[in-house]
Amino acid sequence: MPEVAKKPKRKMYFGQVTEDAIIKYNKETEPLIRNTIYNESIRVPFEKLAENIIHTFKFYYFDVPSEEVKHEVVSFLVMNIHKFKEGKGKAFSYFSIVAKNYLILHNN
């Protein structure tokens with residue numbers, strides 16, 4: 001029987017690498033190192049998460065463009081990054097709920 005080629009798995013935008021970076025970010029005290037960790041490993045997944053939450057739950061009823069809403073959500077996630085505790089669940093789930101609750105609160 002011929003071997004069927006498998007589709008390559010899509011790269012997850014928010015996986016264990018991102019979660020490990022968030023934990024490392026929270027443990028770091030040096031601002032320059034924290035900034036590097038954020039820019040290299042956390043910024044893009046947070047932006048993609050915010051974008052996906054906005055589109056998945058159709059949060060389109062804001063007076064400002066969706067790009068600006070996305071930046072507000074990312075800012076809120078960064079402000080609350082210190083609240084994520086290692087071992088209390090997955091970072092993806094935690095930050096998805098935080099982003100969704102922020103949008104629900106500001107969408108009314």
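## The model

This is a predicted model: local features need pLDDT of at least 70, side-chain atom pairs count only at pLDDT 80 or more, and totals for chains, interfaces and linings use all residues. Residues are numbered from 1 along each chain as its sequence is written, and side-chain values use heavy atoms, with hydrogens and water left out.

## Overall layout

Helices (H or I, at least four residues) and strands (E, at least two) are DSSP runs, numbered from the N terminus. Along the sequence, the pattern reads α-α-α-α.

The protein has 108 residues, and 31% of them count as buried. Buried means under 20% relative accessible area, exposed means over 50%, and partly exposed lies in between (1.4 Å probe, protein chains only). Contact means heavy atoms within 4.5 Å. Take the contacts between residues at least 6 apart in sequence: 62% of these join residues at least 24 apart.

## How H1 packs on H2

Two packed helices are described by the angle between their axes and the distance between the axes. Helix H1 covers residues 16–27, and helix H2 covers residues 31–56. Their packing angle is about 145 degrees, and their axes are 9 Å apart. Axes are lines fitted to C-alpha atoms, for helices over the stretch in contact, and angles run from 0 to 180 degrees between N-to-C directions. The crossing of H1 and H2 is left-handed. A crossing is left-handed if the near helix is turned anticlockwise from the far one by less than a right angle, and right-handed if clockwise.

Which residues in H1 and H2 meet? From H1 come Thr18, Ala21, Ile22, Lys24, Tyr25 and Asn26. From H2 come Arg34, Ile37, Tyr38, Ser41, Ile42, Pro45 and Phe46. By class, this contact has eight nonpolar, three polar and two charged residues. Ala, Val, Leu, Ile, Met, Phe, Trp, Tyr, Cys and Pro count as nonpolar, Asp, Glu, Lys and Arg as charged, and the others, Gly among them, as polar.

## The nonpolar core

A nonpolar core is a set of buried Ala, Val, Leu, Ile, Met, Phe, Trp, Tyr and Cys residues joined through side-chain atoms within 4.5 Å. The largest one here has 27 residues. Ile22, Ile42, Phe46, Val73, Leu77, Phe95 and Leu103 touch the most other members. H1, H2, helix H3 (66–79) and helix H4 (91–107) each supply at least two residues of this core. H2 gives the most, with eight residues.

Leu103 lies in helix H4. It is buried because its relative accessible area is 0%. Leaving aside neighbours within four places in sequence, Leu103 is in contact with Ile53, Ile54, Phe59, Phe62, Val69 and Val73. Leu103 and Phe57 are 46 residues apart in sequence, yet 9.5 Å apart in space, C-alpha to C-alpha.

## Residues of H3

Is Lys70 buried or exposed? Lys70 is buried, because its relative accessible area is 10%. This residue is found in helix H3. The side chain of Lys70 makes a polar contact with the side chain of Glu67 (3.3 Å). A polar contact is a pair of N or O atoms within 3.5 Å; within protein, one must be able to donate a hydrogen and the other to accept it, and residues adjacent in sequence count only if both atoms are side-chain atoms. Beyond four places in sequence, Lys70 is in contact with Glu47, Ala50, Glu51 and Ile54.

Val78 is also placed in helix H3. Val78 is partly exposed, as its relative accessible area is 26%. Beyond four places in sequence, Val78 is in contact with Tyr38 and Phe46.

Asn80 lies in the loop between H3 and H4. Asn80 counts as buried because its relative accessibility is 8%. Its side chain reaches the backbone oxygen of Phe76 at 2.9 Å. Not counting residues up to four places away in sequence, Asn80 touches Tyr94 and Phe95.

Tyr94 is placed in helix H4. At 25% relative accessibility, Tyr94 counts as partly exposed. Beyond four places in sequence, Tyr94 is in contact with Asn80, Lys83 and Phe84. Lys58 is found in the loop between H2 and H3. Phi of Lys58 is near 55 degrees, a positive value in a residue other than glycine.
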